[in-house]
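This briefing covers salt bridges and sheet pairing. The sequence and structure come first, and the notes follow by topic.

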Amino acid sequence: MPSIEGPTLEQKNLKAPIIFFLLAVMLPGCIGTDLVDDPIVGQRIEVSQQQVALRIGQSQALSATYYDSYGIAQPATLNWSSSHPEVATVDQNGLLQALSAGQSLVKVSRGELMSPLIYVNVIADENAVASVEIASPRSGLNVGEQLTLSITIKNILGDTLPARSADWFSENSSILQVDNQGRVTALSKGVAAVHAKVNGVKSNSLDLSVGDERTGQFVSAGGYTASGTTTLRIENGQVILRLENNFQTSFALGTYIYLSQSTNASQVRASGLEVAQIRENGAASFNISQLNSQVDLHDYRYVVVLCKPATVTFGYAELK
């Protein structure tokens with residue numbers, strides 16, 4: 001019976017150079033780049049929740065995460081504080097203690113950097129308003145358009161309470177107006193937040209965009225090149241993404257355009273919308289509605305140029 005022999009030593013020694021050659025061919029221009037090459041997107045502090053309802057005497061552990069300029073979570077010493085410690089106190093580990101009926105605001109900071117506020121409502125009566133939540137059927141409107149926001153009011157047990165009178169507020173009335181029924185009117189292009197209060201209990205703030213077109217200017221990232229203009233607009237009821245004539249970028253084998261909420265390459269690839277592979281500079285047009293009919297004009301914040309094989313961001317444009 002013939003013996004079965006494995007690869008010779010000479011054959012083994014040939015494998016490594018071949019593998020490295022193949023990698024070099026597959027990933028020109030973006031091999032060896034680490035996550036630290038992702039674009040700077042700004043430091044931030046995210047909190048676990050922005051509304052808390054407790055009975056007197058109850059406690060709850062809150063948490064917060066610091067993200068560095070590259071959007072990467074990092075360990076950090078954070079400072080916790082309560083605006084009305086007679087209503088609720090919070091220690092430096094984020095442990096919240098409810099002391100008396102009322103409202104307080106908890107904030108988390110690191111130097112000058114601040115988190116979104118956490119609205120704390122301490123309840124004496126379990127049938128009182130504990131939380132207010134507003135929602136919109138869409139995230140954007142055209143100028144002159146109207147839509148009505150919905151509102152849900154709950155007690156400390158999580159039961160939905162009957163409709164009650166609410167005070168509505170636009171945080172930029174030159175862009176959005178809101179009446180006492182929660183009906184929003186879009187006045188000019190931009191982004192504005194709306195919130196409501198019921199019995200002094202504040203709802204979440206809801207961002208709404210106004211306009212049928214959003215534009216952005218590409219900026220380079222990670223030592224690569226990206227420049228020019230991109231436009232996301234509604235055309236004949238379809239969401240269309242355009243790269244304009246002045247668009248230029250670095251190229252590698254597998255250069256793609258994505259829509260994303262982040263510029264971090266790993267997050268772009270994991271949760272962004274892959275639009276198309278591109279192979280040349282200049283104008284190009286993509287029908288986003290054909291890719292995903294559920295995508296709205298205001299669902300994504302960034303247009304990202306991504307070297308997909310190596311998961312590296314070449315550049316991005318923030319849509320305004």
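The side chains of D179 and R183 form a salt bridge with an N to O distance of 2.8 Å, where a salt bridge is a side-chain nitrogen of Lys or Arg within 4 Å of a carboxyl oxygen of Asp or Glu. This is a predicted model, in which local features need pLDDT of at least 70 and side-chain atom pairs count only at pLDDT 80 or more, while totals for chains, interfaces and linings use all residues. Residues are numbered from 1 along each chain as its sequence is written, and side-chain values use heavy atoms, with hydrogens and water left out.

**Salt bridges**

- The structure contains nine salt bridges.
- D179 counts as partly exposed because its relative accessibility is 22%; the term covers values between buried (under 20% relative accessible area) and exposed (over 50%), computed with a 1.4 Å probe on protein chains only.
- R183, the partner of D179, is also partly exposed, at 36% relative accessibility.
- R233 and E213 meet through their side chains in a salt bridge of 3.1 Å, N to O.
- That pair links distant parts of the chain, 20 residues apart: R233 lies in strand β24 (residues 229-235) and E213 in strand β22 (residues 213-220). Strands are DSSP runs of E with at least two residues, numbered from the N terminus.
- E213 has 34% relative accessibility, so it counts as partly exposed.
- E274 and K308 form a salt bridge in which the closest N and O atoms are 2.9 Å apart.
- E274 is partly exposed, at 33% relative accessibility.

**Sheet**

- Eight strands make an open sheet in the order β28-β27-β30-β31-β22-β24-β25-β29, with antiparallel pairing; two strands pair if DSSP finds at least two bridges between them.
- β28 and β29 (284-287) are the edge strands, each pairing on one side only.
- From one strand to the next, the twist averages 25°, with axes fitted as lines to C-alpha atoms and angles running from 0 to 180 degrees between N-to-C directions.
- Six bridges connect β30 and β31 in the antiparallel sense.
- V304 has Y316 in β31 as its bridge partner.

Technical notes. Helices (H or I, at least four residues) and strands (E, at least two) are DSSP runs, numbered from the N terminus.
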